[in-house]
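I set aside some time today for helix packing and pockets. Here are my notes, in the order I looked things up.

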Amino acid sequence: MENRQGRVRGSVVNAMSVDVEDYFHVSVFDGIVPRSRWASMESRVCANTYRLLDMFDESGVSATFFILGWVAERHPGLVRDIAGRGHEIASHGYAHRLIYDQTPAAFRDDVRRAKHVLEDAAGCRVDEYRAPSYSVTPRSLWALDILIDEGYRYDSSIFPVRHDRYGIPVSPREPFAIE
């Protein structure tokens, strides 16, 4: 029997997603690990991602992998392997910059570069985006128009919570279309 939203009562749909970035990419390290040092840092992203891929294979789980363009550029084989195991490839931007700290032009360059690198590595179209640290907020809603212009069809950047760095608490807690 269906409820008002057209869902079958009692059915549960679970979604799994992974942000593919290294430990030194996280926003809280911006003032501690300068981007100029990223290339010299010990990377753990491949080993940890392959560990997850193996666990997902064993459990029959498929997921969306939001991959940082910086990672994809350095590890294109990792991106190919994720796609080859049947997972969705999505963009996490190129340089893990908070949207509201960028100009619209800089944001456009970042998402365009990431999309190009990911599509080349994966050999498939990339339609989905998730902002670093969920940084689509009321002050960066302009980014959604840029994502549409750049060929993204889905966005997973709006977190429906109140937080000091991210979130739009009035947003629906289920997928929704923006008109």
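This is a predicted model: local features need pLDDT of at least 70, side-chain atom pairs count only at pLDDT 80 or more; totals for chains, interfaces and linings use all residues.

**Entry 1: the pocket**

How many residues in the lining of the largest pocket are nonpolar, polar and charged? Sorting the lining by class, I got 20 nonpolar, seven polar and nine charged residues.

Next I looked up the volume of the largest pocket, and it is about 1,200 Å³. I then asked which of its 36 lining residues are the closest to the centre, and found Asp 155, Ser 156, Glu 174, Pro 175 and Phe 176.

I also wanted to know which elements build this lining. At least two residues each come from strand S2 (64-67), helix H5 (142-149) and strand S5 (154-155). H5 gives the most, with four residues.

**Entry 2: H4 against H5**

I noted that the axes of H4 (residues 104-122) and H5 come within 10 Å and cross at roughly 40 degrees. That angle makes H4 oblique to H5. I recorded the crossing of these two helices as right-handed.

For the contact itself, I listed Pro 104, Phe 107, Arg 108 and Val 111 on the H4 side. Their partners in H5 are Trp 142, Ala 143, Ile 146, Leu 147 and Asp 149. By class I have seven nonpolar, no polar and two charged residues in the contact of H4 with H5.

**Entry 3: H3 against H4**

I stayed with H4 and turned to its packing with H3. Here the angle is about 65 degrees and the axes are 8 Å apart. The crossing of H3 and H4 is right-handed.

From H3 I noted Pro 76, Val 79, Arg 80 and Ala 83, which meet Leu 118, Ala 121 and Ala 122 in H4. Six residues of this contact are nonpolar, none is polar and one is charged.

**Entry 4: H1 against H3**

At what angle do helix H1 (residues 45-59) and helix H3 (residues 76-84) pack? I found about 10 degrees, with their axes 11 Å apart. I therefore wrote H1 and H3 down as roughly parallel to each other.

H1 brings Val 45, Cys 46, Thr 49, Tyr 50 and Leu 53 to the contact, and H3 brings Gly 77, Leu 78, Asp 81 and Ile 82. The class tally for the contact of H1 with H3 is six nonpolar, two polar and one charged.

Note on methods. Residues are numbered from 1 along each chain as its sequence is written. Side-chain values use heavy atoms; hydrogens and water are left out. On a 1 Å grid over the protein atoms alone, a cavity is a set of points where a 1.4 Å probe fits but cannot get out, and a pocket is an open set with protein on both sides within 12 Å along at least five of seven lines; lining residues have an atom within 4 Å of a point. Grid points are joined across faces, edges and corners, and a volume is the space filled by probe spheres set on the points. Ala, Val, Leu, Ile, Met, Phe, Trp, Tyr, Cys and Pro count as nonpolar, Asp, Glu, Lys and Arg as charged, and the others, Gly among them, as polar. Axes are lines fitted to C-alpha atoms, for helices over the stretch in contact, and angles run from 0 to 180 degrees between N-to-C directions. Angles under 35 degrees count as roughly parallel, over 145 as roughly antiparallel, 65 to 115 as roughly perpendicular and the rest as oblique. A crossing is left-handed if the near helix is turned anticlockwise from the far one by less than a right angle, and right-handed if clockwise. Contact means heavy atoms within 4.5 Å.
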